[in-house]
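Have the viewer open and follow along.

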2 protein chains.
Amino acid sequence: MSITLINVFTVAPENQQRLLDLLTRATDEFVCHAPGFLASTLHRSLDGTKVTMYAQWRSIEDYEAMRRDPGPLPLFQEALSFAKFDPGIYEIVRTFSAPE
Amino acid sequence: MSITLINVFTVAPENQQRLLDLLTRATDEFVCHAPGFLASTLHRSLDGTKVTMYAQWRSIEDYEAMRRDPGPLPLFQEALSFAKFDPGIYEIVRTFSAPE
């Protein structure tokens with residue numbers, strides 16, 4: 001069963017776009033090419049204080065291998081120099097839809 | 001454009017299932033019938049300390065109207081008696097897929 005990463009970054013609003021640019025670059029250049037990466041969605045909070053990456057991976061081992069890859073590390077380190085990172089590793093319990 | 005709610009609850013691991021049950025009941029009985037609700041996914045963290053609801057709504061006004069509905073309020077109040085709630089209102093910036 002795949003796992004879901006929900007990683008919430010907290011930033012000063014003047015740094016939100018800089019963080020979005022860094023995470024976009026890290027994902028385009030490295031993360032989405034990593035073995036076991038399935039898909040992800042990048043979100044900006046309307047109040048400017050948060051950026052959240054919601055990602056599906058084949059396994060926790062695949063995700064952890066990517067985090068050890070030296071390629072994207074400088075981008076992550078730059079992001080963490082001005083943003084607070086609150087990670088979460090999840091499984092999906094249930095999906096709800098609006099009734100017909 | 002639709003909005004995304006990413007609501008992260010922090011709980012003691014012994015209360016994670018209780019919180020999942022409350023949020024499932026609130027969504028089945030009230031939230032998914034509210035005008036403007038599109039879809040949501042409920043997640044449990046593997047370490048037991050978090051529960052995250054990822055939801056799409058037609059507009060922030062629709063979501064706020066549901067939060068004022070007295071129907072699900074007792075369920076939300078019970079949840080907040082033993083869980084910390086960290087809400088976020090987002091727009092999607094970009095979606096990434098694994099290359100072919």
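What follows goes from the fold of one chain to the way the two chains meet.

First, the ground rules. This is a predicted model, where local features need pLDDT of at least 70, side-chain atom pairs count only at pLDDT 80 or more, and totals for chains, interfaces and linings use all residues. Residues are numbered from 1 along each chain as its sequence is written, chains are lettered from A and ligands numbered from 1 in the order in which they are written, and side-chain values use heavy atoms, with hydrogens and water left out.

**One chain**

Chain A has three helices and five strands, in the order β-α-β-β-α-α-β-β along the sequence. Both kinds of element are DSSP runs, numbered from the N terminus: helices are H or I with at least four residues, strands are E with at least two. The C-alpha trace of chain A spans about 40 × 35 × 20 Å along its principal axes.

**Two copies**

**The interface**

Contact here means heavy atoms within 4.5 Å, and it links 38 residues of chain A with 38 residues of chain B. Together the chains bury about 3200 Å², 61% of it on carbon and sulfur atoms; that is accessible area (1.4 Å probe) lost on being put together, summed over both parts.

To count, a side-chain nitrogen of Lys or Arg must be within 4 Å of a carboxyl oxygen of Asp or Glu. Two of these pairs:

| Pair | Closest N and O atoms |
|---|---|
| A:Arg94 and B:Asp28 | 2.7 Å |
| A:Arg44 and B:Glu91 | 3.4 Å |

A:Arg44 sits in strand β2 of chain A and B:Glu91 in strand β5 of chain B, so this pair joins two chains.

**Strands across the boundary**

Strands count as paired if DSSP finds at least two bridges between them. β2(A) runs antiparallel to strand β5 (residues 89-97) of chain B over seven bridges. Along that pairing, A:His43 has B:Ile92 as its bridge partner, and A:Ser40 has B:Phe96.

What else pairs with β5(B)? Within chain B, strand β1 (residues 3-10) pairs with β5(B) in the antiparallel sense over two bridges, with B:Leu5 facing B:Ile89 as bridge partner.

Terms used. Buried area = accessible area lost by both parts, 1.4 Å probe.
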